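Here is a short briefing on one protein chain. Look over the sequence and the structure first, then read the points below.

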Amino acid sequence: MTGDQVIAAREKANRAAMSRVARIVTGLPDRRAHVKEASIDLPGRRLMLRVHRPKETDRRLPLIVSFHGGGFFAGTAAQNDWLNSHLAARCPAVVVSVEYRLAPEHPLPQPIEDGYDTVVRLVEDAAGWGIDPDAVALVGESAGGTIAALIALHARKDGPPLRAQVLNYPATDWTETMTEYSSIEENADNPTLPLSRLRTARKLGVPPGLDARSVSPLKFDSLAGLPPTLVVTAALDPLADQGRCYAERLREDGTDARLTCYPRATHTFLSTPSLVPAARPARREILTFLRSHVHPASRG
């Protein structure tokens, strides 16, 4: 596909994801949360945000910043409304999903820069967004998991401080070894993430000249000093081993990390709750984990 064809296909898929018919599969937003679009101005660009807030509260709330999947060339924040609105209502928290820029127009590391700069700007204007700057967490799925993990790695030195991160079936290796995992071989024909799409994501997202290790959390020398982490994987997902290996590395380097693998679940299963029953217990686990870290009084 040419770059123009990729963009056209992405726009068509995003329109479909916003349709009422798609909501049958992707799940209805929680009625106890408001969902609205906003924008944020960053150096040289303006990004759209999808903001989820619980109804009937005026107090400052924790901030959860969310990053959708799509291999860095597809996807939209709206595909995570089911999960994000539930987290907003039940945590409670302000959940901001970032429409970061996508390849082929904006390959790596631009999506990562968008994510990090957005988190920093939100925290800097905490009063304007009605958030607690000392209670910030990240959530990312698939390629969005890459973004969340890299933001956390960057924030170790430059801030802002993070309370927790949740990585849902994350891609943690974008180097030439990214397909050399048993789960890739075992699930290569899974329609939710065929091997061809994974290769396309690397081709479009990792431009020539970029050191792929710099955007591969699993390849970092040290994973120490990171916030408590929940890694959610799916047994039928080609990326299952990338998530498992990342959780193991986190533990080895002294980071508090929990790994859960849901059987009979596929890649993207948290975005298709009507098709994969495991989405609901996974959502409960994510909620409990985040609540315990962004609301200290609820720890126990």
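**Salt bridges and the chain around them**

Asp 211 is partly exposed, with a relative accessible area of 37%. Here buried means under 20% relative accessible area, exposed means over 50%, and partly exposed lies in between (1.4 Å probe, protein chains only). This is a predicted model, in which local features need pLDDT of at least 70 and side-chain atom pairs count only at pLDDT 80 or more, while totals for chains, interfaces and linings use all residues. Residues are numbered from 1 along each chain as its sequence is written, and side-chain values use heavy atoms, with hydrogens and water left out.

**Salt bridges**

- Side chains of opposite charge can pair when their charged atoms come close.
- A salt bridge is counted when a side-chain nitrogen of Lys or Arg is within 4 Å of a carboxyl oxygen of Asp or Glu.
- By this rule the count comes to 16 salt bridges.
- Asp 211 forms a salt bridge with Arg 213 through their side chains, at 3.0 Å from N to O.
- Arg 213 is exposed, at a relative accessible area of 52%.
- Within the chain, Arg 50 and Asp 81 meet side chain to side chain in a salt bridge of 2.8 Å, N to O.
- That pair links distant parts of the chain, with Arg 50 in strand S2 and Asp 81 in helix H3 (residues 81–90), 31 residues apart.
- Helices (H or I, at least four residues) and strands (E, at least two) are DSSP runs, numbered from the N terminus.
- Arg 50 is buried at 11% relative accessible area, and Asp 81 is buried at 0%.
- Arg 45 and Asp 114 also form a side-chain salt bridge, 2.9 Å from N to O.
- Arg 45 sits in strand S2 (residues 45–54) and Asp 114 in helix H4 (residues 110–124), so this pair ties together parts that are 69 residues apart in sequence.
- Both partners count as buried: Arg 45 has 14% relative accessibility, and Asp 114 has 0%.

- How many of the six residues of strand S7 (residues 229–234) are buried?
- Six of the six are, so S7 is largely enclosed by the rest of the structure.
- Both faces of S7 are covered.
- Thr 229, Val 231 and Thr 233 are buried on one side, and Leu 230, Val 232 and Ala 234 are buried on the other.
- Two strands pair if DSSP finds at least two bridges between them.
- S7 pairs with strand S6 (residues 164–168) in the parallel sense, over four bridges.
- In that pairing, Leu 167 stands opposite Val 231 of S7.
- S7 also pairs with strand S8 (residues 257–262) in the parallel sense, over six bridges.
- There, Ala 234 stands opposite Tyr 262 of S8.
- S7, helix H9 (residues 240–252) and S8 make a right-handed β-α-β unit.
- Right-handed means that, with the strands pointing away from the viewer, the path from the first strand over the helix to the second runs clockwise.

**Helix H8**

- Which residues of helix H8 (residues 195–205) are buried?
- They are Leu 195, Leu 198, Ala 201, Leu 204 and Gly 205.
- An α-helix has 3.6 residues a turn, so residues three or four places apart point the same way.
- The cover over the buried residues of H8 includes helix H1 (3–17) and helix H7 (182–186).

**Backbone details in the loops**

- The peptide bond from Cys 91 to Pro 92 is cis, with omega near -15 degrees.
- Pro 92 belongs to the loop between H3 and strand S4 (94–99).
- A cis peptide bond also runs from Leu 108 to Pro 109, with omega near 10 degrees.
- Pro 109 is placed in the loop between S4 and H4.
- Phe 72 is not a glycine, yet its phi is positive, at about 70 degrees.
- Phe 72 lies in the loop between strand S3 (61–67) and H3, and Phe 72 counts as buried at 1% relative accessibility.
- Ser 142, another residue other than glycine, has a positive phi near 55 degrees.
- Ser 142 is in the loop between strand S5 (131–141) and helix H6 (143–158), and Ser 142 is buried with a relative accessible area of 9%.

Key:
Contact = heavy atoms within 4.5 Å.
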